[in-house]
Amino acid sequence: MLKKMAFSFPDEVLEHVFSFIQSDKDRNAVSMVCKSWYEIERWCRRKVFVGNCYAVSPRMVIRRFPEFRSIELKGKPHFADFNLVPDGWGGYVFPWIAEMAGAYPWLEEIRLKRMVVTDESLELIAKSFKNFKVLVLSSCEGFSTDGLAAIAASCKNLKELDLRDCEVDDLSAHWLSHFPETYTSLVSLNISCLGSDEASFSALERLVRRCTNLKTLRLNRAVPLDKIANILRHAPQLVEFGTGTYTADVRPDVYSDLAGVFSSCKELKSLSGFWDVIPDYLPAIYPVCSKLTSLNLSYATIQSPDLIKLVSHCPNLQRLLVLDYIEDSGLEVLASSCKDLQELRVFPSDPFGAEPNVSLTEQGLVAVSLGCPKLQSVLYFCRRMSNEALVTIARSRPNFTRFRLCIIEPKTADYLTLEPLDVGFGAIVQYCKDLRRLSLSGLLTDRVFEYIGTYAKKLEMLSVAFAGDSDLGLHHVLSGCESLRKLEIRDCPFGDKALLANAAKLETMRSLWMSSCAVSFAACKLLGQKMPRLNVEVIDERGPPDSRPENCPVDKLYIYRSIAGPRFDMPPFVWTMDEDSGLRLS
Amino acid sequence: MCMELQLGLALPGSDTWSRPLLKLGLYEDINVNRKKRGFDHGYLEDEFSAASFKNYEKGLVGWPPVETWRRKKLRCQVHNHMTAAENGYCGGRASNSSYVKVKMEGVVIARKIDISIHQSFETLTTTIMTMFDIFEENRRSFKLTYQDKEGDWLIAEDVPWRTFVRSLKCLKLIRSRG
């Protein structure tokens with residue numbers, strides 16, 4: 001009787017239940033319960049997430065999910081952000097747009113990260129999707145303002161245009177004028193990455209004035225300080241605002257204008273921008289500081305006293321991005337003023353300098369860890385560290401979910417004991433049981449990887465550089481970290497043994513990156529031959545790997561699981577190892 | 001250092017593999033590996049010696065891991081509190097140098113100037129004039145010219161600042177005629 005009831009649920013009921021399930025992971029789990037649930041789920045999935053655009057083909061996605069409205073795609077490996085992936089590697093979005101243009105005239109949202117987007121792709125989006133609403137391009141490249149003009153001109157229902165840290169060919173600022181005068185639906189606009197050429201202020205002002213639902217506006221550097229007041233005056237409803245250049249001759253009228261207009265922004269919660277900032281104009285934002293939850297000062301080259309003053313006005317801060325000009329003293333003030341702080345990122349002002357240019361050490365991080373009970377995500381660049389500090393940090397802040405520490409000089413030992421920092425990082429993984437992301441630095445032996453393999457059971461992403469002694473280190477990680485999805489390694493003495501011994505593990509992960517390590521061409525070939533569901537790609541700008549002895553290490557290696565088979569859009573310096581001959585040229 | 005680990009070499013729940021592709025005899029190998037890395041390339045040995053890690057000398061690609069777009073954005077700013085030229089953000093071979101050669105008519109020795117800390121012809125000209133010890137009264141008798149990517153010599157203030165910076169190769173201060 002019970003069995004009969006379970007199968008007699010009409011599809012619509014199940015669909016309705018599934019509509020409350022939004023997360024990707026949960027949807028995937030639902031689809032694996034039984035065949036009928038798989039079928040119902042695939043017809044009603046509205047958001048598709050593809051973490052690696054080469055793991056699956058557009059056609060496969062379309063075949064399985066015939067009615068999605070939103071897609072998120074990621075392309076290049078993370079280390080592309082640091083210039084480690086040569087230009088032309090891949091990550092082209094056009095094939096996806098082309099397939100979707102045919103199948104989905106009703107697509108509404110496209111979110112891309114680290115992909116190559118051409119004007120052609122943007123024009124195709126503008127032409128094909130009549131109800132297009134959201135375009136988020138994060139760390140993308142390959143397009144110009146012409147492509148943006150096409151989007152502006154055609155997408156009458158566009159709500160969100162977010163260009164985060166993209167490389168855009170700035171041909172003309174007049175693309176903004178392509179938004180028709182009748183267009184009013186903009187809710188979010190982020191053009192902070194666009195060039196510093198003269199922007200079309202009047203077009204921008206008119207756009208802001210008529211889009212009364214605008215909540216997020218992040219300007220680019222070309223917008224001068226005295227123009228900001230004009231823009232903000234028309235958008236007092238803004239929740240997130242990014243200034244342009246924050247410098248001007250100090251004039252009382254400009255200042256009071258600015259201060260006045262900020263006072264009228266009662267909903268403002270997030271501020272960013274602040275290029276070329278001069279301290280005299282900072283107090284203009286004090287009226288909004290008490291409500292701020294997010295502050296991005298990572299381009300503000302101002303000294304610690306000014307930063308301290310600013311931060312002391314923001315008791316509700318949850319997220320702070322800042323340069324190391326804040327110094328230990330500033331972080332101590334942060335720790336005592338901002339008890340709601342959840343995320344802190346401290347960037348280096350002079351990363352290539354030999355000597356420290358500011359007084360920022362491990363003490364600052366310790367202070368914040370001790371003082372901010374909700375702190376869970378940290379990215380910290382500094383020049384010295386100790387095991388003692390790391391243990392203190394771990395013990396006081398077991399709720400860390402993301403911990404990324406970059407000690408600027410590779411292989412820097414504990415400055416107090418001159419020992420490796422194994423014990424310190426060991427404490428981090430031991431105490432922070434929910435740690436999902438970890439970046440290591442400093443002097444580290446295989447021991448730290450033993451700790452990681454033993455304790456970091458929830459770790460999903462690990463970044464390693466200049467660490468370890470032998471294959472044992474890599475083996476600890478691959479065999480111990482059950483939740484590992486992404487592993488990226490550079491300049492470590494890890495070779496064939498650990499990789500081949502843990503080959504099957506690689507199929508449970510999204511990807512593995514290894515550059516300047518000791519993995520031989522022979523091992524790559526073997527892996528490619530034996531593991532058909534992995535794409536094993538060798539990146540080597542020195543020339544074909546078979547022009548060197550087989551036991552020579554490859555320059556860079558990128559391994560990812562895929563059900564789409566090897567790709568065919570590789571540049572001349574990328575080779576796929578596959579089952580046929582162990583070597584396939586593009 | 002001896003690793004007190006039970007190395008279980010069975011792969012976790014793998015259908016395709018009942019044993020690893022390569023048996024991992026780590027206990028024996030670890031001490032051997034320390035001495036003999038088994039690389040054919042000498043360069044890898046050198047890379048791991050601490051002395052070669054000074055970023056500003058060797059210019060390691062992608063280290064420290066600051067995103068390229070962040071580096072670029074930060075580089076093109078006025079550094080309010082730093083002395084010009086010395087402490088520019090643009091060291092290391094991973095980034096394009098923003099230092100430009102400056103010559104003065106009649107002076108043998110050329111100087112270098114960090115263009116990224118300037119945002120107007122005014123500050124640039126003032127800095128250069130000061131560099132060559134030209135007193136204020138005399139500044140009007142000099143003109144700033146520049147050589148662009150095409151090799152042509154042009155008068156600096158004839159073009160918009162942005163165009164100037166983009167195509168600038170080197171600078172020369174000349175006495176204005178007439």
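Asp306(A) and Lys309(A) share helix α13 (residues 304-312) of chain A, where they stand three residues apart, about one turn of the helix; helices (H or I, at least four residues) and strands (E, at least two) are DSSP runs, numbered from the N terminus. Their side chains meet in a salt bridge at 4.0 Å, N to O, the term denoting a side-chain nitrogen of Lys or Arg within 4 Å of a carboxyl oxygen of Asp or Glu. The model is predicted, so local features need pLDDT of at least 70 and side-chain atom pairs count only at pLDDT 80 or more, whereas totals for chains, interfaces and linings use all residues. Residues are numbered from 1 along each chain as its sequence is written, chains are lettered from A and ligands numbered from 1 in the order in which they are written, and side-chain values use heavy atoms, with hydrogens and water left out.

**Salt bridges**
- Over all chains, the count comes to 35 salt bridges.
- Lys309(A) is partly exposed, with a relative accessible area of 47%; buried means under 20% relative accessible area, exposed over 50%, and partly exposed in between (1.4 Å probe, protein chains only).
- Arg384(A) and Glu362(A) form a salt bridge through their side chains at 2.8 Å, N to O.
- This pair links distant parts of the chain, 22 residues apart: Arg384(A) is in the loop between β15 (377-382) and α16 (387-396), and Glu362(A) is in helix α15 (residues 362-371) of chain A.
- Glu362(A) is buried at 1% relative accessibility, while Arg384(A) is partly exposed at 29%.
- Glu109(A) and Arg111(A) form a salt bridge whose closest N and O atoms are 2.6 Å apart; Glu109(A) is buried at 17% relative accessible area, and Arg111(A) is partly exposed at 21%.
- A network of salt bridges links Asp24(A), Arg27(A), Glu41(A) and Arg45(A).

**The annotated span and a surface patch**
- The UniProt annotation "domain: F-box", from an unreviewed entry, covers residues 9-50 of chain A.
- The end C-alpha atoms of residues 9-50 of chain A lie 31 Å apart, and the span is 62% helix and 10% strand.
- Phe9(A), Val13(A) and Val17(A) form a nonpolar surface patch with about 250 Å² of accessible area together; a patch consists of residues with over 30% relative accessible area and no salt bridge, with nonpolar side chains (Val, Leu, Ile, Met, Phe, Trp, Tyr) joined within 5 Å and like charges within 9 Å.
- Accessible areas come from the Shrake-Rupley method with a 1.4 Å probe, and for residues only the protein chains shown count as cover.
- Val17(A) belongs to helix α2 (residues 11-18) of chain A and is partly exposed, at 42% relative accessible area.

**Buried regions of chain A**
- Helix α7 (residues 119-128) of chain A is mostly covered, with seven of its 10 residues buried.
- The buried residues of α7(A) pack against α6 (94-103), β3 (109-113), β4, β5 (141-144) and α8 (145-154) of chain A.
- Ser138(A), in strand β4 (residues 134-138) of chain A, is buried at 11% relative accessible area.
- Apart from neighbours within four places in sequence, Ser138(A) is in contact (heavy atoms within 4.5 Å) with Leu112(A), Lys113(A), Arg114(A), Arg164(A) and Cys166(A).

**Chain B**
- Chain B has six helices and five strands, in the order α-α-α-α-β-β-α-β-β-α-β from the N terminus.
- Of the 178 residues in chain B, 40% are buried.
- Chain B exposes about 10800 Å², of which carbon and sulfur atoms supply 51%.

Methods
UniProt positions renumbered as here; feature names shortened; annotations may be inferred.
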